[in-house]
Amino acid sequence: MSLSFIHRSAMLCRGFRASLNLYDHTTRIPNTTIWLRTLCSSVGEANTRILQSTEEYKFVERLIPPSRVPIPPKHDGPSPSGWTPPSEVPPALPYMIRRSRMHNVPVYTDLTHGSRKTTLVRKVEGDIWALEKDVKEYLQQLTGKDLPTQVNEVTMTLRVKGHFDTELKKWLVEKGF
Amino acid sequence: MPGHRRGRSLSEGLMLEESEKGGLVVSSVIGGSSGNHGLKEGDEIVGATINFDQLSKDDVLKILKLMDDNGFDKKVQVLTKNNLSKSMGTLDSIKAPEELASSFSGEDALPSNLRIPSNLVDRARAERPPPPSDSSLPVLRRCDAAVPVHLSPVQTWVETLERRDSKQLGLVDLHPDVFAVPTRIDILHEVELWQRNFKRISRAHTKVRSEVRGGGKKPWRQKGSGKARHGSIRSPIWRGGGVSHGPRGPTSFYYMLPMRVRVQGLKIALSSKLAQDYLHVVDTLNIPTPDPQYLMDLIRYRHWGESVLIVDVGEELPENILQATESLKTVNVIPAIGLNVHSMLKHEVLVLTLEAVKFLENKLLWHDERFTLLYPFKLPYTDLP
């Protein structure tokens, strides 16, 4: 960076001197030479003695961010914030729910038309109908109501009527997903 | 064969010979054209199909007994109505509707008005001998990235291009999140359409009534001339007038799909190629000669398919393969950064080198675990792939 600034100022100085020569023909007095003592001359001398050093680059490099999400450190059970890692062994169920890229359980709530509440479970793999059955059973025990659900086999997602994100997240974490 | 066809029957009209490899070759054709079924000299007879539709029950029993007596049991495949969908390629392209099963009778049944071309299924490819199923081949490459606990890597064989008939060198592990992704044809369609349209600039341009030369003056007076009233000779209802709602100027159809959708499209294309047996992994692209015929022979011998897309990493590819593919229209070589869904769909077979597999896995898996864009990826980050 510093090298380029000096280079730029040297260019400016050269340009400045060139412009003087171009436009000042008529007003030049032959015997008295007027030297302009500007920044140019002092920098011009320093130009020949400049040294490149890459040691200061580390101060910039340590500011450059990583592009990948880091793997969380090992926890036995829940961490102080309440986050629980997925179990080492995947549970022996016909379906699997992967974690999101930020290592969270992929259950999200949605509010459309101002009053339509739904809960979305994403990233399902395997038998999604078995998951739908289990979710319906669990929510029947919780609420006592038979809630309408929508299974999308193309995108492998499950939508449930109502906001149940905390309950479903806890339930899935207990299962070991 | 019962002679219900006009002209000479098959056995009289053809002279057959055994070739060196043990197959039956037609040496000459005699007699009328109606009995020949389009066979020429030099055709190798691989099998025969007998349609039982017009034969009586006694005739069918006679034929089956003939096969049984001569011990041809294992070479004969009996087709029932339910099996029709699996062996459509052997039947004539045009069939009467009653002979095909109805669309409501079973799950595999085809609709009665479906016309199938006879070259839809490449029978030679189905008959190519599978590689030995014993697991004595070494695994030449394991996955670099961590495979999720509930999935296991997919495997495929590694071949060489050195000799036409060489055996497999070993196995290679492929990451399931790149090569075994659930197939979503809608995403493939979206990405293919995007690839076609985002570069499109339509330069169609027509002149509006104000841009057409002339037409500023009222052609005749409003009333009294007996003619219809008009204001300009270049209005759209006039011959030679402007176009009222035509294409206007260069129009751009540029749009960008989200990066992750495009990446998912690549993964789905790779997975479908592997699932359909159209993906081959090769150790390097070194071939012995720059002759294009060698490549075509190799492809035909190994029954790979009609068109081949060869992918390698790096800017410098071996000269022999570049020369060989230069003149060929259906075999193309591209660097791995140039891999795209349209090319993969256009070519039947995809051939990757081991380095290309590593490069693709690295680049495509990074998108699963990256942060969202903070600043453009062209600027430095510490750990870009």
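These legends walk through several views of chain A in a predicted model.

**View 1. Chain A in overview.** Following the sequence, the elements of chain A come in the pattern α-α-α-β-β-β-β-α-β-β-α.

**View 2. Surface and interior of chain A.** Of the 177 residues in chain A, 25% are buried. The accessible surface of the chain amounts to about 13300 Å², and carbon and sulfur atoms account for 59% of that area. Looking at contacts between residues at least 6 apart in sequence, 62% link residues at least 24 apart.

**View 3. The four-stranded sheet of chain A.** Here you can trace an open sheet with the strand order β2-β3-β6-β5 and antiparallel pairing. Because β2 (107-112) and β5 (149-152) of chain A each have a single partner strand, they stand at the edges, and one side of each is left without a neighbour in the sheet. On average, neighbouring strands of this sheet are turned by 20° against each other, direction ignored.

View 4. To find your bearings, look for A:Thr149, whose bridge partner in β6(A) is A:Val160.

**View 5. Helix α5 of chain A on the sheet.** Helix α5 (residues 165-175) of chain A packs on the sheet, where the helix touches β2 and β3 (116-121) of chain A. The direction of α5 makes about 165° with that of β2(A).

Methods:
Residues numbered from 1 in each chain as written. Chains lettered and ligands numbered in written order. Predicted model: local features only at pLDDT ≥ 70, side-chain atom pairs only at ≥ 80, totals over all residues. Heavy atoms only, no water. Helix = DSSP H or I, 4+ residues; strand = E, 2+ residues; numbered from the N terminus. Buried < 20%, exposed > 50% of the residue type's maximum accessible area, 1.4 Å probe, protein only. Contact = heavy atoms within 4.5 Å. Areas by Shrake-Rupley, 256 points an atom, 1.4 Å probe, with all protein chains shown as cover. Pairing = 2+ DSSP bridges. Axes fitted to C-alpha atoms, helices over the stretch in contact; angles between N-to-C directions.
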